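Visitor: Hi, I'd like a quick tour of this one. Can you walk me through it?

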Amino acid sequence: MNPEVVKLIEKLKIKHIQKKITYERNFVGKLLPFYTRNPERAKYSEGFKGVLGVVAKDSLDKQNEFMIDYDEYKKNISNKLIVNEDLDKDKLIQKLFNIDSLIAINHPYVLSFQPLINSDREKKGEIEVGVFINKLFDLRNSEKWIKFISSKKIKNVVEGIVIDTLPIIPEKKGTSRNFIFFNENYYRKLMKQDLELLLDYQDFCIKYIDLFLGYYYFFYVTQTIIKIGKKKDNNEIIPMYYALDTEKVSGTRESIRNGFNKIKEENKYLLVNNDLLDYLNMLINTEKYYLISEILDPMFIYKEKLTLNLAQFLEEYQFIKDKNDNNDFKNNDLASNVSLLSKWLLEDLSAETRSRFPLSVEEIGKLYFLRNRGRLGNVLNATEELVLLFTGLIVGEKPKLLKDVFKGFELRGMFFDRLTKGEIINMYERMNLLDKKSDSGDAQYVKPIL
C-alpha cells in the first residue's frame, strides 16, 4: 500500500477489526471557517463586531482571544481623569466611559478592542472567521490598513483619555489555522482597491467597515460553495442575483431562480465536497491544493499517482463500510473513482452532520444579506445601506456612468435584474445621486457620495 494511502487511513483512524472509520477532516488545510458542530459555529448574535476585533488584532499579530478587563479599564480611567470637586467622578465614568461607549467610540484604534461573544464555544467560531478574513485578504500586509487601525490621533478629550488608558494587547503566540483559498488574487485585488478608498474617509469607514468586511467574506464563501465541487471551472464570477430590500419580488424573478436557492442546492453536497477534496489532496500529497476541476483535467500532472492511490483507498473503504457496489475501481478510470468516493461519502456522512456544516453561510446571510420572503424562502437581499456603501466605492471621487456602476456591482458578485436596477435608479434619483445628461441610459451618471 502506498504511503499516501497509509497516511490517509491513519488520519481517518480506520480500524480493521472493528470496521470503524472516524470522519476527521482538514488534514491539508481548511477550505471554509465552518464547523459541523453547532456550539462552535459563529452565529453573530451580537453582530459582526467580535469578528471585526479579531481581524484587527490578527492583522497586528496580537492575541485573537484577548478580551479587555472592564474593571481594570475603569480603574485606569479613574486614575487618569481629573474633575472638579462638585462632580461625581464615578457617575461621570459610568456615563462617558462604560462598555457601550467604548465599543461605539468612533476611532480606528478601538477596532482591536471590539469584544467577542461571551461564549467560549461560539467565540471559537468568531475567531475562526476573523482569522480567515485576515488571511484571505492578506490584511497583515496592507500598510494603509495597519496604519489606520494603529493610529492614536485624537479629535477630542474623551478619545484621548480612552486611548491612553486602553491596555496593551499581548503578542500572538504560535501559529494559526492554515486555510486553502481559490482564485484569491481576484478577491484581494478588488477588496484592496475598495478598502484603500474606504480608509480615506475615517468616519464613513468606521461606520461601515463591519458591513464591508462581512460582504466580502460572504461574496467569497458563496462563490466557493458553488465552485468547490464543479467538474469544470474557469474562475469567472457566478452571477448571484439580489433583490432590493424595499421592493416586492415574485417567484419568476432572477433573485429567486438565480439567487440563494442556487447556494442552498450546493449546500446539500458541501461537506461531501469538502471531505472529498481533503482526501484526494492527501492522496496526491503535494504543496499545491487542487480543485475537482483540476484533478479531472485529462492533462492533470498527478493523474497516474492519484488513480493508483485512490483505487487502493477505495478498496480499503469498501471493506470497512461493507460496500457492495459492482464498480470496478481498479479499472484506472479516475473520474469514475472520484464519483464513487463522492457517492459513498454522501451515503455515509450523517444527514444531520451534512446539514449543520453549511449553516455558517446562512448565519452571516441572516445578519446582513438574506431576507425571508414568505413562501419564496430566503432571498439574497441588498439593503439601501449596502447599495450606497458599494455605490460610493465603485463611483469613487468622480461621476461614473450608470451602466458602469452596475458593472462594478457585478464584479463584486452583486447582480440585479432589470426590475431591481429600476428600483435602484429610483433610489438614486430620490437621493439626488443621478445626473442625467439625457434620458438615455448611456448618458446617466452617478455622483460621488463619499
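Guide: The structure holds three cavities of 30 Å³ or more. A cavity is a set of points on a 1 Å grid over the protein atoms alone where a 1.4 Å probe fits but cannot get out. Volume is the space filled by probe spheres set on the points, joined across faces, edges and corners.

Visitor: Where do these numbers come from?

Guide: This is a predicted model; local features need pLDDT of at least 70, side-chain atom pairs count only at pLDDT 80 or more, and totals for chains, interfaces and linings use all residues. Residues are numbered from 1 along each chain as its sequence is written, and side-chain values use heavy atoms, without hydrogens and water.

Visitor: How much space lies in the largest cavity?

Guide: About 100 Å³. Its lining residues (an atom within 4 Å of a point) include Phe182, Tyr220 and Asp233.

Visitor: Which helix gives the most to that lining?

Guide: Helix α10, residues 202-227, with four residues. Helices are DSSP runs of H or I, at least four residues; strands are runs of E, at least two; both are numbered from the N terminus.

Visitor: New topic. Is Ser360 buried or exposed?

Guide: Buried, with a relative accessible area of 5%. Buried means under 20%, exposed over 50%, partly exposed in between, with a 1.4 Å probe and protein chains only. Ser360 sits in helix α18, residues 359-369.

Visitor: What does Ser360 touch?

Guide: Leaving out residues up to four places away in sequence, Ser360 touches Pro33, Phe34, Tyr35 and Arg41. Contact means heavy atoms within 4.5 Å.

Methods: On a 1 Å grid over the protein atoms alone, a cavity is a set of points where a 1.4 Å probe fits but cannot get out, and a pocket is an open set with protein on both sides within 12 Å along at least five of seven lines; lining residues have an atom within 4 Å of a point.
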